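Hi there,

Here is the structure I promised to pass on to you.

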Amino acid sequence: MMQLNIQTKDFSYPVCIGNLETITHTGKVLVISDSKVAPLHLDTLLSKLQAPQIFTHEMASGEEHKTWEGVEQILERAFEANLSRKDLMLALGGGMVSDMVGFASAIYKRGIAFQIVATTLLAQVDASVGGKTGINNRHGKNLIGAFHPPRAVHIDPKFLKTLPRREFQAGIAEMIKKAVCFDQDYFLWLEQHPLEQHLELGIYKSVAIKASVVAQDEKEEGLRMGLNYGHTFAHAIEKAGAYKTHLHGEAVAIGMQMANALACHLKLLDGPTQERIKALLGHYGLDLPYKIADFESFYKDLQMDKKNTTGICFILPKGLGAFTATNSVEKDTLKKALHAWL
């Protein structure tokens, strides 16, 4: 068992990596999962859970269900169970489940505790850590939400044995993202160590990077913005496909390459480094084709991104292990940089 502590100004919580250990709580526990994960892993979790009263709720699976309606269903189940502020919501699943449960727990009776048992690679290396919660609406992804850290995160790589290959690969995009923006040594490690053979250590290294970043910038005012590398584009890509065409990690992989192209156009990134990132993505099946169907619509969706202030905020790599944030890219400049996707 490996453990990291996420430390911020107001919160501290453990991230436990290894065999799932017994989870105990002195009050009621509401376990929330989705229709894909619950049949596979709910019984395993319940066997490891000790609490006076345990309730369950199963939501529909898929990013398109990450909505107000889904949150209201969680809240209704919480009210049926009459959870108090001393009780606990427990998310079992991937990033969609942890985002929704985190948000529901943030607004239920003005906030109760929640924990996460992450069952996808994307959730284990990224989505479950950091306290960002939220849902989508017709304007874009994660535009409604709150910062509400979990009380604990449980990461057992054995859950990944049931994960489809496509979803496993999608999670790797978030690992590469952190390496490019924050840690050149981790990028080299990923190049030299196949994750299939070094998975638990790879997860630990990824979480350690995010723990360090969140400790320095919990509310995404500076350093933490680097975790959005590729995401400004990715959210527009996901929205264009009605959250059904691409998995989040796949959209991030495409978005990273768009960001790289823009960074090269602005002379922030050199060609050989761009090719190294492309090669590492390609090694895990993440060098994916994409065509922007309508640039004007795509640009409008970019303008809705939640990081924006005085303009579209692009997170761009400056070599390996460094990034910059800019909101001064002209529309024509962006269009020229993205010519390969038009």
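**The annotated site**

His 231 has its place in helix α8 (residues 231–240); helices here are DSSP runs of H or I with at least four residues, strands are E runs of at least two, and both are numbered from the N terminus. Before going further, a word on the ground rules: this is a predicted model, where local features need pLDDT of at least 70 and side-chain atom pairs count only at pLDDT 80 or more, while totals for chains, interfaces and linings use all residues. Residues are numbered from 1 along each chain as its sequence is written, and side-chain values use heavy atoms, with hydrogens and water left out.

His 231 is buried, with a relative accessible area of 6% (buried means under 20%, exposed over 50%, partly exposed in between, using a 1.4 Å probe and protein chains only). According to the unreviewed UniProt entry, the annotation "binding site" covers His 231 together with Glu 174 and His 248. These three span 75 residues in sequence, yet no two of their C-alpha atoms are more than 10.1 Å apart, so they gather at one spot. Bear in mind that UniProt positions are given in the numbering used here, feature names are shortened, and annotations may be inferred rather than shown by experiment.

Glu 174 sits in helix α5 (residues 165–182) and is buried at 0% relative accessibility. Its side chain makes a polar contact with that of His 231, at 3.3 Å (a pair of N or O atoms within 3.5 Å; within protein, one must be able to donate a hydrogen and the other to accept it, and residues adjacent in sequence count only if both atoms are side-chain atoms). Setting aside residues up to four places away in sequence, Glu 174 touches residues including Leu 122, Asp 126 and His 248; contact means heavy atoms within 4.5 Å. With the same exclusion, the contacts of His 231 include Lys 177, His 248 and Asp 305.

Helix α5 also holds Gln 169, which is buried at 16%. Beyond its neighbours within four places in sequence, Gln 169 is in contact with Tyr 284, Gly 285 and Leu 286.

**The cysteines**

How many disulfides are there? The count comes to zero, taking a disulfide as a pair of cysteine sulfur atoms within 2.5 Å. For Cys 264, the closest cysteine sulfur is in Cys 181, 14 Å away and therefore too far for a bond. Cys 313 also has its closest cysteine sulfur in Cys 181, at 12 Å, again too far. Cys 264 is partly exposed at 21%, whereas Cys 313 is buried at 7%.

Best wishes
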